Amino acid sequence: MTEFSIEAYEAADTAILEVLSQKEEPLIGVDGKPVTIELYGPGSSQYTKAQAKIDSASQTRAFAAIRGKSLKDGPEETRKLTAEKLAACTKSINNFPVAAIDIYNNPKLGYITSQVAKFVEDWSAFLAPSSKD
């Protein structure tokens, strides 16, 4: 009988996203190789801290709205907070020499931001490979 190990069921802290271009093809970076982004996932402390900041800001805005205060730049603030969260969840960017926050703050690079946002929320992207693979 084998011994049970809960670690075998844990998600990895990081995983690598292979970034696609707007044409759904691999995005090629400055060295002619595909662009990849190593991201912290939903089981990591980096993700938890970044999400807590988003949740706190949302709660603050909700309380302000209940008190009847008008919220300025709501969409812009949401975009900024999302960019900060994704930057905090970015461990490294390979073959694309631009800071994470600059990518995620640039609306014209939204196709990258969308991929990253979807990826960091996908627990299956951070699962350890099966020993049967």
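How far apart are the end C-alpha atoms of helix α2, and what span should its 15 residues have? I'm working from a predicted model here. At 1.5 Å a residue, α2 (residues 74-88) should span 21 Å, and I find its end C-alpha atoms 21 Å apart, which agrees.

**Helix α2, surroundings.** I looked up which residues of α2 are buried, and got Leu81, Ala83, Lys85 and Leu86. A lysine is on that list, Lys85. The buried residues of α2 pack against α1 (45-66), β3 (90-94), α3 (100-104) and α4 (110-120).

**Helix α1.** I ran the length check on α1 too: its 22 residues reach 31 Å from first C-alpha to last, close to the 32 Å expected at 1.5 Å a residue. For burial I noted Tyr47, Ala50, Ile54, Ala57 and Ala64. They cover an arc of only 130° around the axis, so they sit on the same side of α1. The general rule I had in mind is that an α-helix has 3.6 residues a turn, so residues three or four places apart point the same way. Next I checked what covers the buried residues of α1, and the list includes β2, α2 and α4. On the face turned away from the buried side I found Lys49, Thr60 and Ile66, which are exposed. After α1 comes Gly68, with a positive phi near 85°.

Which way does the phi of Glu24 go, positive or negative? I read a positive value, near 65°, in a residue other than glycine. Glu24 lies in the loop between β1 (14-18) and β2 (36-40), and it counts as exposed because its relative accessibility is 60%, over the 50% cut-off. I logged Asn95 as well, with phi near 70°. Asn95 is in the loop between β3 and α3. At 22% relative accessibility, Asn95 counts as partly exposed.

**Aromatic pairs.** How many aromatic pairs does the structure hold? I count 2. Phe4 and Tyr9 have ring centres 5.7 Å apart and planes at 25°, so I put that pair down as stacked. Phe4 is exposed at 61% relative accessible area, and Tyr9 is exposed at 62%. Phe119 and Phe126 make an edge-to-face pair, with 5.5 Å centre to centre and 65° between the planes. For burial I wrote down 14% relative accessible area for Phe119, which is buried, and 1% relative accessibility for Phe126, which also counts as buried.

Technical notes: Residues are numbered from 1 along each chain as its sequence is written. This is a predicted model: local features need pLDDT of at least 70, side-chain atom pairs count only at pLDDT 80 or more; totals for chains, interfaces and linings use all residues. Side-chain values use heavy atoms; hydrogens and water are left out. Helices (H or I, at least four residues) and strands (E, at least two) are DSSP runs, numbered from the N terminus. The expected span of a helix is 1.5 Å times one less than its number of residues. Buried means under 20% relative accessible area, exposed over 50%, partly exposed in between (1.4 Å probe, protein chains only). Contact means heavy atoms within 4.5 Å. The arc is that of the directions from the helix axis to the C-beta atoms. Rings of Phe, Tyr and Trp (its six-membered ring) pair if their centres lie within 6.5 Å; planes under 30 degrees apart count as stacked, over 60 as edge-to-face and the rest as tilted.
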